[in-house]
Structure formats: C-alpha cells, structure tokens
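This report goes through a few local features of one protein model. Look at the sequence and the structure before reading on.

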Amino acid sequence: MTSSPEPFFGNIDAIAYEGPESDNPLAFRWYDAGRIIMGKTMAEHLRFGVCYWHSFAWDGSDIFGHGTLDRPWNPASRTGNTTIDPLDAAKLKMAAAFEFIEKLGAPFFSFHDIDIAPAGSSFRETCGHFDEMVDEAAGHMDRTGIKLLWGTTNAFSHPRFMAGAATNPDPDLFAYAAAQVAHCMNATHRLGGANYVLWGGREGYETLLNTDMSRELDQLGRFLNMVVEHKHAIGFEGALLIEPKPMEPTKHQYDYDVATVYGFLQRYGLDNEIKVNIEVNHATLSGHDFHHEVATAVHSGIFGSIDANAGDDRLGWDLDLFPKSVEQMTLGMLEILRGGGFTTGGLMFDTKLRRMSIERDDLFHGHIGAMDTMARSLLAAASILEDGEIDRRRTARYAGWDAEQRILDGSHPAAVTLQQLHDEVIGDDSFDPQPVSGRQEALENLVARHIERAR
Ligand code: XUL
Ligand code: CO
C-alpha cells in the first residue's frame, strides 16, 4: 500500500460546507456535496476534478520569469530539493497532490503522462518510470477513494514535437506520439479513468508557406482513428474527448472550436466515437461564449466534459483563471443541465494560481472559490429550469412552427417547395407577418433574479 509521508498542507483540515453566512475562508459557502438538486447530489452534478499540471507540476514560471511558488515536492521550484532522486520527487509530488485533493473533497483528478513521472534516457526508460508512478497512483486512489476523471498525453512540450505530433511533417513523430498515447491510454484504462482527453497541443500551424494543411488534417484523422481502434482493442469504456482551442501555442490550431471539431469528426468518420472537452477560456479565445460552445456540443451529440476556468476581458491569452463569474457559469450550467448533465465528464479545474500567490494554501483558496462559483451557478441554473418561465417563453416563440411541419420536414406528405411558398405569399395580399419583441432584457433580468435568490 502507498504510504502518505509528512503532510504538505499540515495546517489545513478537510474543507467543510458551512453555508453562505460563513466567514471562514477555508470553508465552502455554496458547495454542499450531499445536497440534492433536481434529483442528484451536488457532487454527482458537478463531478469536480483537480489537475496535476498547473497545481502540482508548475512552479510559477512564466515567459518573463522564473518559478515563484513554494512547492517543496518539485525540485525545479523555488523551495525544491535539487539533490533528490527524480522518482522520489515524483512520489512526493503525488503524495502532495492526493493530500490536497482529499482535504479539498474533490472526487476526481486528471494528469498528463509527463506530469506524474520523470523522463528517462529512452522511451522505454520513461515508460518504466511512468508505470511505477501509475502503480503509486493506484495505491493513493485505493487509499483515498479519489478517481481519475481523465488521463492525457503531453505530446507538445518536448522540442521533438515543435512541429506537431500527429500532424508533423515527419512520420517518426507520428509514431512517437502514437506510442506515447497508447501507453497513456493503457494506464488510464488500468486506473479506471472515466475519459481520455486529446488536446491538440501543437496540432496547427504558424504559416501556410511551409504547411500542407490537407495532409496534416488527413494525418490527424488517421491518428484519431487509430486511437479509437486502440480504445476498443483494450476494452477501455471511458469516453474519448478532443479539447478544442483556437490558437496558442500555434497561431492556428486545427481543433479551433466545437463546430470545427464536429465537422472534422464527421469528415473522418469519428462523430460517434469522440466527444469534446470544452474549456471555458478556450471558448472565450475562439470568440464564443462558454454556453454557446456547450449548446453546440449538446446539439451535435458530442458533449463530454468541461475544463472549468476563465479568461480576462483585456488579456488575450490562455490565463486559466479560477472561475469567479456566477453569471457566466450559470449560463453554462444551464446548457449543461438542458443537455441532461454529465455522464462520464465533470468540471475539471484546468486552473492556475497567479504567479504571486506563492503560498501552498493559496491552492485551497483558488479551488474553494471555484467550487463555490460552480455550486452557486448550479443552484441558479436549476432554479431557472425548475421555475420554467424562460423555457416557456422560448417555446412560445416558436409556437407557429407546430402547424408548419410541411415547411420544416421535406419528407412530409404535404411538403412545400420554394416555388409553392412563393405562390402562396404572392397570392395572399393580407399576408403581412408582424415583428414580436425578443424580450432579451426582460429575460436577462429573470436570470439575474434567479442568481440573486437561488439558495
Ligand atoms: C491547454 C490545455 C491543456 C489540456 C490538457 O490549453 O487546456 O491543459 O487541458 O492537455
Ligand atoms: Co484544458
């Protein structure tokens, strides 16, 4: 059994729900895990996950400066032990991660292969380290009951992947990424992961002067078909999810947004096999609202999971802020609930502290605030649906269509043509459709009222 070494968050107890009137900064004011909302507990609705990379592997460095954070389990960080054996350091990092997640009370975690184990001098040696750490993770999962929301492969950080993985002009990089993905999928399967995520990383381009986009998209289509075949070959029952993002690190990422991914999946025969993991800040970067991306995925039948973070209105890059806006998240949760809620997916905090939040317990403050934001948004969205007024008004707006199946349905016995509609309209001088108010402001006021009152 995996042992838990000295606590890294020894000054913090398990985070409890204390209610909206509590002033305790280390308590939940809204997230009440066992509370039933629309027939399910809050924990079942929200399925919170903590990410390994930003919270435990990152040291606070940015493109302008070195790491700032107090991360004693990370040898590369400001307070790390530089003489420690890399595998021992990986075990300390894992102990810190599970201690944190258990105290926070989040039911899930997520990792990239390179987050949990140090690289070796060959792929085989790297896999050896990784397998040892997967065993270690299995021990922590047994001990704590924490589950794996998703595993994923990092085929973008190493210089070998600078021109992409599956879309690389060199097939050897396709092969390298395939090996890495197969190995990480096997581990995700072994750990009972609910999903396997593929974010595009460097699958995109900087200039068409050196890029054959048709070839690269065909390569990506082939790669993902191999991933699907592998899923079935190993009997992995979780969902495969692509994470759309419009730009960064490349100028143009192929998985631009949900609609682009859906078109791609259809073209390569993958639309029944792969769904999407929608990241809130990626939606913002693509010029869409978060709830637009959710609604598009639900409509296309490919809604999978959420990376719950946020951007900043005046900074156009991927900030991975902890979500704070109850209004933004209420509109997102509304579309999630309308779509039937999560099945394999959940709300994964692909979130980063600010670089000056250097104390270990800042991780708690970030996650507690984010979980309360999402819980409050769930309450408001559920209140909107249970009240029903907004949906009633929306349905009423389309009421005229109920009697017009002959227009909508081309196979209807009385289906009409463009010419027939022309003839009907030109033949009826009294035909004069009247505009009806869209009532947007009134609807927005209704949403505001639910947010104010939902308890
Ligand atoms: C990158 C991003 C990734 C994926 C996993 O913007 O969101 O962290 O979530 O590779
Ligand atoms: Co993400």
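## Helix H3 and its ends

Which residue caps the N-terminal end of H3? The cap is Asp 85, which has a side-chain oxygen 3.0 Å from the backbone nitrogen of Leu 87. This and everything below refers to a predicted model.

Helix H3 covers residues 86-104. H3 is mostly covered, with 14 of its 19 residues buried. Just after the helix comes Gly 105, where phi is positive at about 85°.

## The cobalt site

The cobalt ion (ligand 2) has four protein residues as donors: Glu 243 and Glu 279 through OE atoms, and Asp 307 and Asp 350 through OD atoms. These donors lie 1.9 to 2.2 Å from the ion. In sequence, the donor residues follow the spacing E-x35-E-x27-D-x42-D. Glu 243 belongs to strand E10 and Asp 307 to strand E13, so this pair ties together parts that are 64 residues apart in sequence.

What is the arrangement of the six donor atoms around the cobalt ion (ligand 2)? They subtend angles of 79 to 178°, and the arrangement is therefore octahedral. For six octahedral donors, the ideal angles are 90 or 180 degrees.

Glu 243 has a relative accessible area of 3%, and Asp 307 has 0%. The cut-off for buried is under 20%, so Glu 243 is buried and Asp 307 is buried too.

Asp 320 is not a glycine, yet its phi is positive, at about 55°. The residue sits in the loop between strand E13 (303-307) and helix H11 (326-338). Is Asp 320 buried or exposed? Its relative accessibility is 3%, so Asp 320 counts as buried.

Arg 439 is not a glycine either, and has a positive phi of about 60°. Its place is the loop between helix H15 (418-426) and helix H16 (440-453). With a relative accessible area of 52%, Arg 439 is exposed, because the cut-off for exposed is over 50%.

## A cis peptide bond

The peptide bond that runs from Glu 248 to Pro 249 is cis, and its omega is near 10°. Pro 249 lies in the loop between strand E10 (239-243) and strand E11 (252-253).

Notes
Residues are numbered from 1 along each chain as its sequence is written. Chains are lettered from A and ligands numbered from 1 in the order in which they are written. This is a predicted model: local features need pLDDT of at least 70, side-chain atom pairs count only at pLDDT 80 or more; totals for chains, interfaces and linings use all residues. Side-chain values use heavy atoms; hydrogens and water are left out. Helices (H or I, at least four residues) and strands (E, at least two) are DSSP runs, numbered from the N terminus. Buried means under 20% relative accessible area, exposed over 50%, partly exposed in between (1.4 Å probe, protein chains only). Donors are N, O and S atoms within 2.8 Å of the metal (3.2 Å for Na, K and Ca); water is not among the atoms, so sites may look incomplete. Four donors count as tetrahedral if all angles lie between 85 and 135 degrees; four count as square planar and six as octahedral if opposite donors are over 155 degrees apart and all others between 65 and 115; anything else is irregular. The expected span of a helix is 1.5 Å times one less than its number of residues. A polar contact is a pair of N or O atoms within 3.5 Å; within protein, one must be able to donate a hydrogen and the other to accept it, and residues adjacent in sequence count only if both atoms are side-chain atoms.
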